Amino acid sequence: MTTALCPGSFDPPTSGHMDVIDRALGLFDRVVVAVIDNPSKTAMFTAAERAGFFKEIYGERLDVTTFGGLLVDHVRAMGADLVVKGLRTGGDHEYETQMAQMNRHLSGVETLFIPTRPDLAYISSSLVKEVARLGGSVSGLVPDVVEKALKERLS
Ligand code: PNS
């Protein structure tokens, strides 16, 4: 049985994140979503709220957790075999490769990259928040529950 752990800030989760998680669900026996809880970073949604989006969307199909501290410690605590991350652009590749190499150095854990669907590659949580704050439509860029929560948060 292979368990993949999908970590991220997910503030908020986007359609790109969901695509990567859907594909991980098709590849691995068990998927754990790990939402970082970083009190020093100002987020629009609390870690519990971000985790709640995944619970609402996926129900029992995956495990949803929050974590602080080192990712590799959480990977071990969850009994996960590998980390899965999506890659959108060359910038992502540079940043994610460095983190993957650091995590492998720290604990031997491997990171598998799933290339984002090209039609979703321009979506980022920060751009979604900017568009929403400025009154633009984020329909299709995020799951419906997130779109609703963004509207409520910004009203
Ligand atoms: O959605 P993001 O911003 O790409 O997620 C980044 C995340 C949460 C995966 C990354 O910041 C992380 O792993 N943080 C935990 C701290 C850590 O383990 N740092 C050292 C290894 S790179």
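The questions below cover the ligand site and the loop beside it in a predicted model.

Residues are numbered from 1 along each chain as its sequence is written, and side-chain values use heavy atoms, with hydrogens and water left out. In this predicted model local features need pLDDT of at least 70 and side-chain atom pairs count only at pLDDT 80 or more, while totals for chains, interfaces and linings use all residues.

Q: Which space does the ligand take?
A: A molecule sits in a pocket if more than half of its atoms lie within 2 Å of the pocket's grid points. A pocket is an open set of points on a 1 Å grid over the protein atoms alone, where a 1.4 Å probe fits and protein lies on both sides within 12 Å along at least five of seven lines. The space that the ligand takes is the largest pocket.

Q: Which element gives the most to the lining of the largest pocket?
A: The lining (residues with an atom within 4 Å of a point) has 48 residues, and G8, S9, F10, K85 and Y95 lie nearest the pocket centre. Among the elements that supply at least two residues each are β1 (3-8), β4 (82-87) and α4 (90-107); helices (H or I, at least four residues) and strands (E, at least two) are DSSP runs numbered from the N terminus. With eight residues, the top contributor is α4.

Q: How many residues of the shell around the ligand does α4 give?
A: The ligand is surrounded by 13 residues, the closest being G8, S9, L71, K85 and N103; a residue is near if one of its heavy atoms lies within 4 Å. Both β1 and α4 supply at least two residues of this shell. The number from α4, which gives the most, is four.

Q: How far is an oxygen atom of the ligand from an N or O atom in the side chain of K85?
A: A polar contact is a pair of N or O atoms within 3.5 Å. S9 has a polar side-chain atom 2.9 Å from a ligand oxygen atom, and a polar backbone atom of L71 is 2.8 Å from a ligand oxygen atom. For the side chain of K85, the distance is 2.8 Å.

Q: Which peptide bond is cis, with omega near 0°?
A: The loop between β1 and α1 holds F10, whose phi is near 50°, a positive value in a residue other than glycine. P12 also lies in the loop between β1 and α1. The cis bond runs from D11 to P12.

How values were computed:
A polar contact is a pair of N or O atoms within 3.5 Å; within protein, one must be able to donate a hydrogen and the other to accept it, and residues adjacent in sequence count only if both atoms are side-chain atoms.
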